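Please look over the model shown here.

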Amino acid sequence: MAAGCFHFAGGIQAKRSTHGAFVDARLRLHYTMGGKSDVGAVALKIWESGLHVDSTATRPAAFGSELGQQARAAPSWYRGRQGRRLREMLLAYSFLAPAFIIIGLFGLFPLAFAAYESTLRGLNKIVGSYDGLGNYVKAIDNLIYILTFWIAAALIYYAARTIAQAIREHREEQTDALRWVLPGFLTAIGAALFARFVFILLPEMLLIPSKLRGQANTQEAFRSLVVETWWLPKVQVALWVAVVLLAAGAAWGLHVNRRTARDSREPVYFMPFFSAGIGLTGGAALLWLTWQEINAAYAEALEEGVGLEIWSQIVTISAGFLLLLVAWGLWESAGQRSSNTGMALRLVGAVALMAGAWVLIAELPRVVNAGDEDWWNGLMATVFYVMGTVPIQLGLALILAALLFQKIRGQTLFRVLYFLPYVAPFVGTAAVFRIIFSNRPTAPLNGLLDLFGAEPLLWLSEPAGIIEMITGGRFDLGPILSGPSLALVAIMLYGIWTYVGFDTVIFLAGLGAIPNELYEVADIDGAGGWAQFRHVTLPLLSPTIYFLSLYAVIGTFKAFNHIFVLREAAALGTTDTASIVIFQAFKRDTRYGYASALAILLLIIIMVITLVNNRIASRRVFYG
Amino acid sequence: MASDAVAGRAVGARLVDPATRRAAFNKLLIYAVLVFGAVVSVLPFLYTVSVSLMNLTEATGGRALPTTPQWSNYVEAWHDAQFSLYFMNSVKITLISVGGALVFCALAAYAFAQMEFPGKSFLFTLLLSTLMLPEAITWVPNFITVSWLGRISPVPWLNNWPSLTIPFMASAFGIFLLRQFFQQIPRELWDSAQIDGSGHLRYLLRVVLPLSSAAVMTLVLFGFVGAWNALAWPILVTTTPDWRPISYGLLSFLDEAGALLHLQMAGAIITMLPIVVLYFFTQRHFIEGIATTGLKG
């Protein structure tokens, strides 16, 4: 480490001096040859193209020797334009290194680690036996096979589409895209093999604590076992195969890149082929895993003598989703056709929609019932939370921002006050709301109810759904229709209270970015306040609205702190959103593998929401 | 615009003209809504202050204001909840993690904004993709990583500062925020810095960082708030109070204090006060930082 730092400092020193000299020389060239522009231009061109300065004849001798000395001091690869680019590259990588080591270790590696951990069985143990998709089956039953199958299919489809597009451009626009195939694929395979290396190394490293059992559990023993594990032949082979392939792919890519003429505006096709390669290998691996797992499940069922219906469920549920997709596509395309075709398409679309929905309604609940009740309840609570907070929160914030924007006296003060709930530490404000929403009859909200002559409520300790409470429990509404529990509604109110100010501030910034001329034009056209808001403000604000709604939805799926503080045991888990369920599986139940599986499912949900949002936004959002 | 026209007219005409009267009424309505919003935002804080100054019977009795302010509640809460320990812990954690974040994020952001190297867009995309990861997915792996690292490094990680600070010393958000500002610095400045014989590191320290002090300030503030708010991760990696940060400290105090509402609220005020004071002094940076980064999100 110390040696690295030293080297790093030395590099900067050398860089600084040569840089300075170059620029100096360039300026002096300008200065001395100011009169004869053609000669100066030639000299500059030669200097720019990276030839050695002392091999040109157009340069006055006076500072040629100076530059020569400068150049002689450094090795050949360190000089000239190539050397400068190399030095800048090395310096840039050393600037990035610390941040990327930390983010890689605590931000990216956990993804692979969680994926690995989620395949392990075992309670209260870090290393359990391999269980395949067992944890996922526990959580969402057979739906996981459908999920992995369709993710694999989507990856392969994405790869195929990317390759097809590159080939089309290769044909149509005479670009030489195909020479990027090999470097891209090589690097992708290298990356996949690197992932394989991680999955070989991880279990060995995780076994170390159990190897030490019964021995002197010292740090030295632990460290020597770590070193021993690192030098295991299979670990080393896996590592070097991956490194060699990665290096070969990267070197080939750089080579191709160098052969491409600088001035040709040909795009670099490395990323498309690289991601296509990743998609193909990832998709193939997932398909293989799914196949193995389904076979294993059937073998197990055969042994126990029970019937399994994985395949039929996969087919029916997939068909249901496909029908929904088809219906959506038809509905969308109907808008672009002439009225008769459009009507027909919409009819077909509606039929497909109903058929798909019917299949799903018939099949999905059976799968859901077989999964983990806590997890499904957590997802339901999260969805309730999203639907109950995001629209209200954005609506209120939009109103406040629009009002604040009207040249109001004390605008800054209002903004500061609105923003306060968001800035104040969550645990502190949640502690206050615990008392405000307390079930004591003398608590603030119950006191308010008492003023109106109403009975006190349990608030945060009330597990009953609000619709159930409003209807007085006369009907058996089932878990979905009875709505979020009153406890969850109280937490939603807290969430709205916290985030309205944040949304208002961002809306205000969005409003400030709308050019004033548009309003003046609208004024001249005789548009009133509401018409201006509807036809000028809202469309131009749509990127902000889109950003905020995506941010709020994803934020809800991630939400933890305030819910954790506000949850009461008496609410019987009706307030536990997805993140809380994961936390409890990990911390309270110490089911490491299961918690990891749930976290991966949460990630998949967030990714799907983001993708769908992007698709919708690309059509509906108006970027001025 | 309408209000300007109104202001230009004679005061006497204002009450007579129905159009101006309607404008004045609208203005009043707007202020009423805005003031109502402000009251809702601030009332819980005022209620906290009020309860924190009550005695026990007043606090549980549902009164709005204390008869005589009990300032001793703060002293009691401070001692009962070991707030002096938690407070210092949080200050130390914040200083270490924000300091590290500043150095590492500034270096990386500078490389992304002002330097050329192969793989730049790939690395940047990789970096931004980490923003999408939910915190929940890192809990199990990072807990294992941290306990494992603690066994090979000279300092223990669990129940100690490394596990609470090192994972937060670099964040995609921080790098992104600084890069947005660094990119706006004109290229000519770098050219002239080169003429003066300056290298990248000196240019970053002497020119780029001072010019983007607003972004640096925002990063520091967010780091401060983030460290102060941290809850899930400290619960996982601290089992003793030695390094327990203040949010977790307050949460455990809330459970211990049980029915002593006045002490709970005093604890809440103690926890919130530093951030709220900091916010009132730097609210411009806070809000503008949120507005600029949020919009580009």
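Two residues are in contact if their C-beta atoms, placed from the backbone, lie within 7 Å. This is a predicted model: local features need pLDDT of at least 70, side-chain atom pairs count only at pLDDT 80 or more, and totals for chains, interfaces and linings use all residues. Residues are numbered from 1 along each chain as its sequence is written, while chains are lettered from A and ligands numbered from 1 in the order in which they are written.

Leaving aside neighbours within four places in sequence, B:Ser97 is in contact with B:Thr165, B:Phe168, B:Met169, B:Gly223 and B:Ala227. B:Ser97 belongs to helix α6 (residues 83-114) of chain B. Helices (H or I, at least four residues) and strands (E, at least two) are DSSP runs, numbered from the N terminus.

Is B:Ser97 buried or exposed? A residue is buried if 20 or more other C-beta atoms lie within 10 Å of its own, exposed if 12 or fewer, and partly exposed in between; the C-beta atoms are placed from the backbone. B:Ser97 counts as buried because it has 24 C-beta neighbours inside 10 Å.

A:Ser579 sits in helix α23 (residues 578-588) of chain A. It has 26 C-beta neighbours inside 10 Å, so A:Ser579 counts as buried. Its contacts involve both chains: A:Lys558, A:Ala559, A:Phe560, B:Pro134 and B:Ala136, not counting residues up to four places away in sequence.

B:Asn160 lies in the loop between α8 (136-152) and α9 (161-165) of chain B. B:Asn160 is partly exposed because 16 other C-beta atoms lie within 10 Å. B:Asn160 touches B:Val155 and B:Trp243, again without residues up to four places away in sequence.

The table sets sequence separation beside C-alpha to C-alpha distance.

| Pair | Separation in sequence | C-alpha to C-alpha distance |
|---|---|---|
| B:Ser97 and B:Val220 | 123 residues | 9.9 Å |
| A:Ser579 and A:Ala513 | 66 residues | 36 Å |
| B:Asn160 and B:Ile185 | 25 residues | 40 Å |

## Chain A

Chain A has 24 helices and 0 strands. Of its 624 residues, 33% count as buried. Among contacts in chain A between residues at least 6 apart in sequence, 69% join residues at least 24 apart.

One helix pair can be taken in detail. The axes of helix α7 (residues 181-211) of chain A and helix α8 (residues 219-230) of chain A come within 10 Å and cross at roughly 145°. Axes are lines fitted to C-alpha atoms, for helices over the stretch in contact, and angles run from 0 to 180 degrees between N-to-C directions. From α7(A), the contact uses A:Glu204, A:Met205, A:Ile208 and A:Lys211; from α8(A), it uses A:Phe222, A:Leu225, A:Val226 and A:Thr229. By class, this contact has 5 nonpolar, 1 polar and 2 charged residues. Ala, Val, Leu, Ile, Met, Phe, Trp, Tyr, Cys and Pro count as nonpolar, Asp, Glu, Lys and Arg as charged, and the others, Gly among them, as polar.

## Domains

Domain bounds come from an automatic or database domain assignment. For chain A, the assignment gives domain 1 (2-89), domain 2 (142-308), domain 3 (309-368) and domain 4 (371-620). The C-alpha centres of domain 2 and domain 4 of chain A lie 39 Å apart.

Chain B is divided into domain 1 (2-73) and domain 2 (78-296). Their C-alpha centres lie 36 Å apart. The contact takes 10 residues from domain 1 of chain B and 9 residues from domain 2 of chain B. On the domain 1 side, α3 (18-52) and α4 (56-60) of chain B each supply at least two residues. α3(B) gives the most to that side, with 4 residues. By class, that side has 5 nonpolar, 5 polar and no charged residues.

## Interface and cores

How many residues of chain A are in contact with chain B? There are 95 residues of chain A in contact with 84 residues of chain B. Helix α4 (residues 80-117) of chain A gives the most to the chain A side, with 20 residues. By class, that side has 69 nonpolar, 16 polar and 10 charged residues.

A nonpolar core is a set of buried Ala, Val, Leu, Ile, Met, Phe, Trp, Tyr and Cys residues joined through C-beta atoms within 7 Å. The largest has 179 residues. Those with the most contacts inside it are A:Ala99, A:Ile582, A:Leu598, B:Cys105, B:Ala108, B:Ile175 and B:Leu178. Helix α19 (residues 486-512) of chain A provides the largest share of this core, 15 residues. Apart from this core lies another, of 23 residues, among them A:Ile163, A:Ala188, A:Phe273 and A:Phe274.
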